[in-house]
Amino acid sequence: MLASPIVKAAAVQISPVLYSRQGTVEKVVKKIRELGEQGVQFATFPETIIPYYPYFSYVLAPFALAKEHLRLLEESVTVPSAETRAIGEAAKEANMVVSIGVNERDGGSIYNTQLLFDADGTLIQRRRKLTPTYNERILWGQGDGSGLRAIDSAVGRIGQLACWEHNNPLARYAMIADG
């Protein structure tokens, strides 16, 4: 039996630069470079780290959500963009596979999106959370199943699920069935 290769991985726990897409991207790029210097080959960042997770939807009264929702829309990431190129370049410089969660702006909607960059900096996966959970439905659009698959990368086959999707038997089965 052949031994599996060992991959040095990091589950990154950092906070965003609140209300700042650009500030958070700069912080993420810096962290990718630091991890690359430590020999990390695969790093995964939090759900919607860019620009920030919308906790306001849980604590504000419904009439007060509009202002915060618009701010989140303005700070959300478009794909492709200067921000996604910066993350891809950092992944390439670090020779690292990077999984990162973003609030993705597409037209007038925001999605809880996971991006996967290969070690050469190429964006190889963009998937949207299928069904936002609880208060998230106020803010995020529903994804579709097009990204519900595992992808070959420099460190092996990777599937991505977000948050409550790990408790969805069919989403988990789709990842398992796809290797």
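Predicted model: local features only at pLDDT ≥ 70, side-chain atom pairs only at ≥ 80, totals over all residues.

Residues are numbered from 1 along each chain as its sequence is written, and side-chain values use heavy atoms, with hydrogens and water left out.

**Stop 1: two helices**

Select residues 21-37, which form helix H1, and residues 82-94, which form helix H4. Helices here are DSSP runs of H or I with at least four residues, strands are runs of E with at least two, and both are numbered from the N terminus. The axes of H1 and H4 come within 9 Å and cross at roughly 10°. Axes are lines fitted to C-alpha atoms, for helices over the stretch in contact, with angles from 0 to 180 degrees between N-to-C directions. H1 and H4 are therefore roughly parallel to each other (an angle under 35 degrees).

Now show side chains. On H1, the contact (heavy atoms within 4.5 Å) includes Val 25, Val 29 and Ile 32; on H4, Ala 86, Ile 87 and Ala 90 are among the residues taking part. By class, this contact has 8 nonpolar, 2 polar and 4 charged residues. Ala, Val, Leu, Ile, Met, Phe, Trp, Tyr, Cys and Pro count as nonpolar, Asp, Glu, Lys and Arg as charged, and the others, Gly among them, as polar.

**Stop 2: Glu 83**

Stay on H4 and pick Glu 83. Is Glu 83 buried or exposed? Glu 83 is buried, with a relative accessible area of 11%; buried means under 20%, exposed over 50% and partly exposed in between, using a 1.4 Å probe and protein chains only. Not counting residues up to four places away in sequence, Glu 83 touches Arg 21, Gln 22 and Val 25.

**Stop 3: Ala 43**

Move to strand S2 and select Ala 43. Ala 43 is buried, at 0% relative accessible area. Beyond its neighbours within four places in sequence, its contacts include Ala 10, Val 12, Leu 35 and Met 96. Draw a distance from Ala 43 to Ile 100: their C-alpha atoms are separated by 8.4 Å, although the two residues are 57 apart along the chain.

**Stop 4: backbone spots**

Most residues other than glycine have a negative phi, and most peptide bonds are trans. Zoom in on these:

- Ile 50 and Pro 51 are joined by a cis peptide bond with omega about -5°, and Pro 51 is in the loop between S2 and helix H2.
- Val 79 and Pro 80 are joined by a cis peptide bond with omega about 0°, and Pro 80 is in the loop between helix H3 and H4.
- Asn 95 has a positive phi, near 55°, and sits in the loop between H4 and S3. Asn 95 counts as exposed at 53% relative accessibility.
- Tyr 134 has a positive phi, near 45°, and lies in the loop between strands S5 and S6. Tyr 134 counts as exposed at 62% relative accessibility.

**Stop 5: the largest pocket**

Finally, select Gln 114, Gln 160, Leu 161, Ala 162 and His 166, which lie nearest the centre of the largest pocket among its 17 lining residues. The lining divides into 9 nonpolar, 7 polar and 1 charged. Which strand gives the most to the lining? S3 does, with 3 residues.

Definitions and conventions:
1 Å grid on protein atoms, 1.4 Å probe; cavity = no way out; pocket = protein on both sides within 12 Å on 5 of 7 lines; lining within 4 Å. Parallel < 35°, antiparallel > 145°, perpendicular 65-115°, else oblique.
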